[in-house]
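Visitor: Could you walk me through this model, please?
Guide: Gladly; let us look together.

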Amino acid sequence: MSCPPYAPFFGFAGVASSVCTISIGAAYGTSKAGIGIAGLGQFRPELIMKSLIPVVMSGIIAVYGLVVSVLIAGNLDPKIDYPLFAGFVHLGAGLACGFTGLAAGYAIGIVGDSCVRAYVNESKVFVAMVLILIFAEVLGLYGLIVALIMNTRATGLKCL
């Protein structure tokens, strides 16, 4: 495997894409669900604490991106040769985690906003809301798993 001097760029791009993209999804999910919670708080303030579940789940999505970025960054050492293949794998891992986190954050935000608003009028919506949010969260978890598998595939590679 060749070790061109620009190979670490792709690894760092994987770190940046994981953190930045997943943070956009988590921020959107938090803000969208927060708007619904603010609307709920005007009418039934006693339900606010139970309605914070979408916001917490959006925060968990952001942790997935942080974990992947730390693992990829741990493989980037200027004293060790870094093959181009490892750079591409790390870029793919960052993109996989970031885009699935973006999609999960959007899903959590939209479902959280709608279900929290419906929860004002009907308490039976709560269980359905939690189930749908879990399925949305799993999208981000799938990206984390794929990124972890890709990261382990890239470790231990040597240059010729």
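Guide: A definition to begin with: rings of Phe, Tyr and Trp (its six-membered ring) pair if their centres lie within 6.5 Å, and planes under 30 degrees apart count as stacked, over 60 as edge-to-face and the rest as tilted. This is a predicted model, where local features need pLDDT of at least 70, side-chain atom pairs count only at pLDDT 80 or more, and totals for chains, interfaces and linings use all residues. Residues are numbered from 1 along each chain as its sequence is written, and side-chain values use heavy atoms, with hydrogens and water left out.

Visitor: How many aromatic pairs are there by this rule?
Guide: Ring centres within 6.5 Å make a pair. By that rule the count is four.

Visitor: What kind of aromatic pair do Phe10 and Phe88 form?
Guide: Their centres are 4.6 Å apart, with 50° between the planes, and the pair is tilted. It links distant parts of the chain, 78 residues apart: Phe10 is in helix H1 (residues 7-43) and Phe88 in helix H3 (residues 84-119). Helices here are DSSP runs (H or I, at least four residues), numbered from the N terminus. As for the geometry asked about, the answer is tilted.

Visitor: Why is the pair of Tyr119 and Phe126 tilted?
Guide: The ring centres lie 5.4 Å apart. Tyr119 is buried at 4% relative accessibility, and Phe126 is buried at 16%, where buried means under 20% relative accessible area, exposed over 50%, and partly exposed in between (1.4 Å probe, protein chains only). The pair counts as tilted because its planes meet at 35°.

Visitor: Which ring has the charged end of Lys50 over it?
Guide: A charge sits over a ring if NZ of Lys or CZ of Arg is within 6 Å of the ring centre and within 35 degrees of the ring normal. The charged end of Lys50 is 4.4 Å from the centre of the ring in question, that of Phe126.

Visitor: Which backbone nitrogen lies 3.5 Å from a polar atom of the Ser58 side chain?
Guide: Ser58 belongs to helix H2 (residues 53-74) and is buried, with a relative accessible area of 0%. Among the residues that Ser58 touches are Ala26 and Ile108, not counting residues up to four places away in sequence; touching means heavy atoms within 4.5 Å. The nitrogen belongs to Thr30.

Visitor: How many disulfides does the structure hold?
Guide: A disulfide is a pair of cysteine sulfur atoms within 2.5 Å. The structure holds zero.

Definitions and conventions
Helices (H or I, at least four residues) and strands (E, at least two) are DSSP runs, numbered from the N terminus. A polar contact is a pair of N or O atoms within 3.5 Å; within protein, one must be able to donate a hydrogen and the other to accept it, and residues adjacent in sequence count only if both atoms are side-chain atoms.
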